[in-house]
Amino acid sequence: MLSLQGAAVDAVNPSIELTEAERIDRLRLIRSDNVGPRTFRSLVDHFGSSRAALERLPDLARRGGAQRSGRICSADEAKAELAASRKFGIAWRAPGEDGYPARLAMIDDAPPLLAVRGDTKTLMRPMIAIVGSRNASGAGLKFAGLLARELGEAGFIVISGLARGVDQAAHRASVASGTVAVLAGGHDCIYPPEHGDLLMAILDNAGAAISEMPLGHEPRARDFPRRNRLISGASLGVVVVEAAHRSGSLITARMAAEQGREVFAVPGSPLDPRAAGANDLIKQGATLVTEAADIVNAIAPIMERPLMHPMSEPDSEPFETDPQGHDRVQITGLLGPTPISIDDLVRMSGASPAIVRTVLLELELAGKLERHGGGLVSLL
């Protein structure tokens, strides 16, 4: 079995270091109403900086039909959040900075700032995600621990979501070799609460924890899929150990496939509903795993490819300064509660990609648009 012998071969040299003012502006923008990671990236790509984008938010929201401008995070609020985070041992890192996982920076909805706690060197090493059922069988827990331990011995960092079941088994087995916990809430809102001791063990043994949420944020149901994209995005591949149909682990596997990550699945008994989702993944083309070597050997060719950090959105287009009224009417008329691709909107409306993207941005900042995976959008 290939061994990395602890080498940080997945890292890229940190390419930027934000000034304190830039960090404050970034935090202000992402904490403002209706600004998600994709919108943040589009705004900064177009206007050149977070500060310039902040100045344009009210006008863009008004053009999207907002009756009043959404809340814009103030500089004092951002400074207070950064100060509170530092007291908690948290550093906020941007893509390209030391401590921001290199592969996570490559996904199209990468967090503009990531709250990092623990050993930043661990976050720059190659990671494999292990996820699975919260109500796992004894055999599933044992095998998840075995995989995690052997992957750690091979030089990989194990990343997971600190959840009950498979997640915690993977974390516990890889504490000594290095593991990363991805949190759905703020760093002070551990879920489940009984895993607080596990998190401290991870941090005390050169592991790390990451989140995109502010301190005090209690995780809600919708926060777990957001967390899952970070688990898959930071990793080379995702291993599913026991997952029922419609489980969160299958969401992580789907996100991994969309992000271009490898998907692995451990087969289980056809009589056990906890294995149904993993078995289906194998039918759909996921790599079958019966030992850690299956994962390491499949990952080896990927490790040989150079990892380049994208500095701008791959499919970014310039925005139209002020689309005409008939363009807005036509594009908005094609939208509804059913998601539609941006490419279809361009084709059906006859408008340029720049105009379509501008109208969508205006609607989003007005709180009227929802973005989905795969370049799909819908009206709220």
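Which residues have the most contacts inside the largest nonpolar core? I began there and found Val180 and Val240, in a core of 31 residues. I take a nonpolar core as a set of buried Ala, Val, Leu, Ile, Met, Phe, Trp, Tyr and Cys residues joined through side-chain atoms within 4.5 Å. Buried is under 20% relative accessible area, exposed is over 50%, and partly exposed is in between (1.4 Å probe, protein chains only).

Entry on the source. The model is predicted, so local features need pLDDT of at least 70 and side-chain atom pairs count only at pLDDT 80 or more, while totals for chains, interfaces and linings use all residues. Residues are numbered from 1 along each chain as its sequence is written, and side-chain values use heavy atoms, with hydrogens and water left out.

I looked up its contacts (heavy atoms within 4.5 Å). Leaving aside neighbours within four places in sequence, Val240 touches Val131, Ser249, Ala253, Phe264, Ala265, Val266, Ala278 and Leu281.

Entry on the annotated span. An unreviewed UniProt entry carries the annotation "domain: Smf/DprA SLOG" for residues 96-299. UniProt positions are given in the numbering used here, feature names are shortened, and annotations may be inferred rather than shown by experiment. I noted that the span is 37% helix and 17% strand, and that its end C-alpha atoms lie 23 Å apart. Helices (H or I, at least four residues) and strands (E, at least two) are DSSP runs, numbered from the N terminus.

In what order do the nine strands of the open sheet stand? I read the order as 1-2-6-5-4-3-7-8-9, with mixed pairing. Strand 1 (91-93) and strand 9 (287-288) are at the edges with a single partner strand each, so one side of each has no neighbour in the sheet. Two strands count as paired if DSSP finds at least two bridges between them.

I then went through some of the pairs. Strand 1 and strand 2 run antiparallel and are joined by three bridges; Arg93 stands opposite Leu114 in strand 2. Strand 2 is also antiparallel to strand 6, with four bridges, and Val116 has Ile210 in strand 6 as its bridge partner. Four of the five residues of strand 2 (residues 114-118) are buried, so this strand is largely enclosed by the rest of the structure. Strand 5 (residues 179-182) and strand 6 (residues 208-211) run parallel and share three bridges. Ala181 is partnered with Ala209 in strand 6.

Entry on helix 6. Helix 6 (residues 138-153) lies across strand 3 (127-132), strand 4 (157-160), strand 7 (237-241) and strand 8 (262-266), and runs at about 175 degrees to strand 3. Axes here are lines fitted to C-alpha atoms, for helices over the stretch in contact, and angles run from 0 to 180 degrees between N-to-C directions. I found Gly152 in helix 6, buried at a relative accessible area of 9%.

Entry on Thr122. Is Thr122 buried or exposed? Thr122 is buried, with a relative accessible area of 4%, and is placed in helix 5 (residues 120-123). Beyond neighbours within four places in sequence, Thr122 is in contact with Met127, Ile157, Val180, Ala206 and Gly207.

Entry on helix 15. Twelve of the 13 residues of helix 15 are buried, including Ala354, Arg357 and Glu362. Among the elements covering the buried residues are helix 2 (37-47), helix 3 (50-63) and strand 11 (369-372). Just after helix 15, Gly367 takes a positive phi of about 80 degrees.

Entry on backbone angles. Most residues other than glycine have a negative phi, and most peptide bonds are trans. I looked for exceptions. Leu162 is not a glycine, yet has a positive phi of about 65 degrees. Leu162 sits in the loop between strand 4 and helix 7 (166-173) and is buried, with a relative accessible area of 0%. Asn34 also has a positive phi, near 65 degrees; Asn34 lies in the loop between helix 1 (20-30) and helix 2 and is partly exposed at 36% relative accessible area. A cis peptide bond joins Tyr191 and Pro192, with omega about -5 degrees. Pro192 is in the loop between strand 5 and helix 8 (196-204).
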